[in-house]
Amino acid sequence: MRKKTWKKAMICSLAALMIVSVSGCSSKSGSKNTKETKKEEQAKETKKKVPDTEAQTSAVLSLSEVQTLNANDKDKKFKEYVSSDTNIVTVTEDGIVHAIKAGTAAVTYTDGSNQYTCNIKVKKRGMVYPVFTMMKGEHLDIQFSNKDSGLSWTSTDSSIASVNAKGKVIAKKVGTAVITGTNRENVVYQCNLTVNKKIKNIIYLTFDDGPNRYTTPKVLKILKQNNVKATFFELKPAKKDFDLTKRVLDEGHTLAMHGYQHKYDIIYRSEKTYHQNLDKLRNLFFKKFGVWCTLTRFPGGSSNTCSSYNPGIMTRLTKKLDGWGYHYFDWNVSSGDASRGTTPAQEMHNLKKETTKGHDSVVLMHDFYNNQPTLKSLDKYIKYAKKKGYTFMPLTASTAEVHHGVNN
Ligand SMILES: [Zn+2]
């Protein structure tokens, strides 16, 4: 079932720049009145009080990049490194910075007598996983948001998580490890990995075809009330609905892709059309929300026959997705909420019947407009399943994929 061969390691190869900003001084000529001269002198006086060593430097880092501050300044002993925002940049006591999230943060430090500041900008481009959590037994293909080549991989503890030459990580034991990728220009990328124990009987709730202003907020509310994280396979949101996608992310759910559009007679015309339908949405999400989505679901599922006007297209697409940097998920529990005439009672019946123990369940639901059957049974189903001992989780890039048999 599980097949992940990551072919295109993508990374941003831009070397981070250390730029020292120098404040320019321009000399003024010409006559001045006494008042002005006095003012200037006063200003000079104030300036003098600030130590000239209070240097402001700046650096640009790619996501996941690790860099040592003051690596070339061995004469001074710098200490007390502090980051103004550890969600964006962390810093060790030795001044090693790690870019965690796109944004800006300042790292301050001292040499005992003077204070220094390095203003750091973290770009969206770079390695996708600065921090990642896996469960024992899971696999992760470390992926990149831009092309790079010749990366060499290491793990600080191979008994906890190993990594092979292609950047495939296997979680072996509970604990933490640091996975490092170094490119030919010696740019270092780092993933701080936590391996947790494998939980049994997980339910992965998935919602297709959203976001929708009527349904999505109601679904999110139910999930929040039950403290459940889920996965949303979205279509291109209407501009006015970008806030709904942002809410999905902000509330801790996984944003995944269904496609830029859903029209079977268009998207399955060719491999190129399908590829573009995914890339277009991925690029939009990346631009708008700074997340690089890797999880997808075929409209109609990989077992669909609505693509049969193009014989063999699903066979070809399912083989190519990995190489394009996508993992696809079908489902093994269907709520039936997209079938005409399904009542909330029927949906509950379907869900109870198909959710069984001994394996994980990927549940197909929808957050399209006015989906009353799901809106009326979701809360009940969550409460029912929790009582039965199931655990709800969002899909991640290391979750074992659930695939249907391909029929075209
Ligand atoms: Zn759909």
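How many bridges join strand β2 to strand β8, and do these strands run parallel or antiparallel?

Analyst: Two notes come before the answer. Residues are numbered from 1 along each chain as its sequence is written. This is a predicted model, in which local features need a pLDDT of at least 70 and side-chain atom pairs count only at pLDDT 80 or more, while totals for chains, interfaces and linings use all residues.

Strand β2 (residues 56–63) and strand β8 (residues 115–126) are joined by 8 bridges and run parallel. Strands here are DSSP runs of E with at least two residues, helices are runs of H or I with at least four, and both are numbered from the N terminus. Two strands pair if DSSP finds at least two bridges between them. One of the bridges links Gln56 to Thr117 in β8.

β8 also pairs with strand β7 (residues 103–110), in the antiparallel sense, over 8 bridges. In that pairing, Thr104 stands opposite Lys121 of β8. β7 and β8 form a hairpin with 4 residues between the strands, and Gly112 in this hairpin has a positive phi near 110 degrees.

Gln115 is part of strand β8. It counts as partly exposed because it has 13 C-beta neighbours inside 10 Å. The cut-offs are these: a residue is buried if 20 or more other C-beta atoms lie within 10 Å of its own, exposed if 12 or fewer, and partly exposed in between, with C-beta atoms placed from the backbone. Gln115 and Phe78 are 37 residues apart along the chain, and their C-alpha atoms are separated by 9.7 Å.

The next topic is the core. The largest nonpolar core has 80 residues, and Val89, Val107, Ile120 and Val363 are those with the most contacts inside it. Such a core is a set of buried Ala, Val, Leu, Ile, Met, Phe, Trp, Tyr and Cys residues joined through C-beta atoms within 7 Å. Domain 1 (131–196) and domain 2 (202–392) both contribute residues to this core, so it lies between them. The domain bounds come from an automatic or database domain assignment. In soluble globular proteins, nonpolar side chains tend to be buried together.

Apart from neighbours within four places in sequence, Val89 is in contact with Ser83, Val97, His98, Ala99, Ile100, Ala105, Val107, Ile120 and Val122. Contact means that the C-beta atoms of two residues, placed from the backbone, lie within 7 Å.

For comparison, here is another sheet. It is open, has 3 strands in the order β10-β13-β12, and its pairing is antiparallel. The twist from one strand to the next averages 20 degrees; axes are lines fitted to C-alpha atoms (for helices over the stretch in contact), and angles run from 0 to 180 degrees between N-to-C directions. Between β10 and strand β13 (residues 168–171) there are 3 bridges, in the antiparallel sense. Asp141 has Lys168 of β13 as its bridge partner.

Ser159 sits in the loop between β11 (152–155) and β12. Ser159 counts as exposed because it has 10 C-beta neighbours inside 10 Å. Not counting residues up to four places away in sequence, Ser159 touches Lys172 and Lys173.

The peptide bond from Gly210 to Pro211 is cis, with omega near 0 degrees, and Pro211 lies in the loop between β16 (202–208) and α2 (216–225). Asn186, in the loop between β14 (175–182) and β15 (188–196), has a positive phi near 65 degrees although it is not a glycine.

Last comes the chain as a whole. It has 8 helices and 23 strands, and buried residues make up 37% of its 408 residues. The average pLDDT is 87, and 86% of the residues score at least 70; pLDDT is the predictor's confidence in each residue, from 0 to 100. Over residues 1–34 the pLDDT is below 50, and this stretch has 67 contacts in the model beyond near neighbours in sequence. Residues 45–52 also have a pLDDT below 50, with 1 contact beyond near neighbours in sequence.
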